[in-house]
Amino acid sequence: MNARKIALDVLIDIDRNNAYSNIALNKHLRGKELDGRDQRFITELVYGVIENKIYLDYITGQLSKTKIDKIHPAVMNILRLGLYQIIYLDKVPSSAAVNESVNLTKKVQMRAAGFVNGLLRNYLRNRDNLKVPTHQENPAVFLSITYSHPQWLVEKWLDEFGLAFTEKLLKGNNAKPALTARVNTLKINKNELIDHLKKNNIEVTDGKYVEEAIRFENMYSLEEVESFQKGYFQIQDESSMLVAHVLDPKPHDTVIDVCAAPGGKTTHMAQLMKNEGMIIARDIHDHKLKLIDRTAKRLGITIIKTQCYNAKDIDQTMIGKANRVLVDAPCSGLGIIRRKPEIKYNKNPDDLLKIVDLQLEILENASKYVTDNGYLVYSTCTITREENIGVIQRFLSKNKGFIMVDINPLLPKAIRQTEKYLQLYPHVDDVDGFFICKLQKQIRP
């Protein structure tokens with residue numbers, strides 16, 4: 001099985017179908033007889049190309065007489081794969097990268113083999129002469145090309161965060177994230193799970209912040225691991241784990257998760273509730289609710305009731321009925337670029353303008369379900385101010401019956417902040433970029 005051909009198929013799938021990288025990768029690896037080395041190589045190629053696509057395309061544009069938008073999509077991805085190996089992978093000889101790229105082209109677009117061969121060899125001859133506009137000439141263009149982020153996004157972050165912070169953020173977005181999981185304490189304790197995994201030659205360490213978090217080293221296809229199938233752990237980033245701890249649900253509470261899929265936070269809340277009480281988990285997609293049901297069954301959770309429901313609608317039957325409500329809102333996802341690097345290419349400024357109104361609408365609807373003295377948590381996996389504290393400020397200005405609660409006592413000391421809410425950044429905290437804020441409904445006079 002040719003690893004480079006599989007990587008090419010994944011990249012084409014992502015481009016053609018606007019697929020998420022992790023889902024496309026899992027789909028194309030499933031059922032293939034590949035050893036760990038090949039799986040790691042394919043994964044590195046796919047994520048490496050996506051993370052560095054703007055830079056790789058800039059290089060191609062400097063060397064090609066044919067305009068980039070006129071190059072066949074499959075050939076364009078072969079060029080990206082070839083250049084990525086030459087520029088970033090010391091373990092792959094340049095000659096091998098060129099030859100394998102040409103062989104791959106012959107399989108998918110025979111007539112372009114000479115073009116691919118010529119361009120890659122041209123790069124090897126002229127790489128020292130290819131220059132990116134300097135930092136001094138145009139910081140936004142320099143950062144955009146160097147770190148492969150769209151220029152509009154770089155300019156936005158320069159305006160919001162400043163030059164030094166933005167460059168570190170862009171660099172952090174291209175770093176390899178840790179693969180983390182949550183120990184399912186309903187079935188096993190952390191030390192028992194770690195011992196079990198190590199006996200099966202799986203390298204694992206403690207998480208950074210959350211007690212029930214563990215980190216895997218050099219692991220792929222975790223869903224095939226016996227302890228996963230037995231429900232001993234759930235794959236989840238630590239920033240996401242913090243949400244349930246901030247909501248702080250108690251046994252016998254009634255909780256509504258209005259945007260529950262894929263269910264990581266929902267099942268974590270059930271775990272903290274000791275599987276006692278009721279969680280209503282809602283989503284607009286039935287197939288995603290089935291995923292939550294399957295996950296809950298694997299984890300041994302029985303208190304989750306899934307419902308197909310649009311968070312933009314108000315459920316009159318649940319007004320004032322929930323002790324705690326979670327709004328893990330639809331967002332731009334700009335905090336998880338490390339995990340899904342294609343996100344940075346799939347967004348535009350208009351997307352941000354549209355989504356903040358949706359977020360506010362969902363938050364206002366969800367607030368109606370909260371009992372007096374009950375809690376409402378708003379979270380996103382993004383880092384843009386308007387989607388985060390901006391939405392909260394707009395909500396509080398219109399809903400005087402709610403106050404912001406200081407969540408720092410519920411957070412690990414290492415990430416407590418001066419604000420009452422929490423904003424995490426991948427390059428600062430080594431977790432996904434995340435926002436969490438907790439509101440409390442006051443007793444009506």
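Q: In this predicted model, over the face of which ring does Arg-298 lie?
A: The contact places Arg-298 at 3.8 Å from a ring centre. A charge counts as sitting over a ring within 6 Å of the ring centre and within 35 degrees of the ring normal.

Q: How far from the centre of the Tyr-375 ring is the charged end of Lys-438?
A: Here the charge belongs to Lys-438, and its charged end sits over the ring of Tyr-375. The distance to the ring centre is 4.3 Å.

Q: What is the geometry of the aromatic pair formed by Tyr-378 and Phe-435?
A: A search of the whole structure finds 9 aromatic pairs, one of them formed by Tyr-378 and Phe-435, with 6.3 Å centre to centre and 70° between the planes. Planes over 60 degrees apart count as edge-to-face. The pair of Tyr-378 and Phe-435 is therefore edge-to-face.

Q: How many residues apart in sequence are the parts that the pair of Tyr-378 and Phe-435 ties together?
A: Tyr-378 belongs to strand β9 (residues 370-380), whereas Phe-435 belongs to strand β12 (residues 434-441). Both residues, Tyr-378 and Phe-435, are buried. Because the two partners lie in these two strands, the pair links parts separated in sequence by 57 residues.

Q: Is Leu-363 buried or exposed?
A: Leu-363 is placed in helix α17 (residues 349-367). Beyond its neighbours within four places in sequence, Leu-363 contacts Val-327, Leu-376, Tyr-378, Val-391, Ile-392 and Phe-395. Its relative accessible area is 0%, and under 20% counts as buried. Leu-363 is therefore buried.

Notes. Residues are numbered from 1 along each chain as its sequence is written. This is a predicted model: local features need pLDDT of at least 70, side-chain atom pairs count only at pLDDT 80 or more; totals for chains, interfaces and linings use all residues. Side-chain values use heavy atoms; hydrogens and water are left out. Rings of Phe, Tyr and Trp (its six-membered ring) pair if their centres lie within 6.5 Å; planes under 30 degrees apart count as stacked, over 60 as edge-to-face and the rest as tilted. Helices (H or I, at least four residues) and strands (E, at least two) are DSSP runs, numbered from the N terminus. Buried means under 20% relative accessible area, exposed over 50%, partly exposed in between (1.4 Å probe, protein chains only). Contact means heavy atoms within 4.5 Å.
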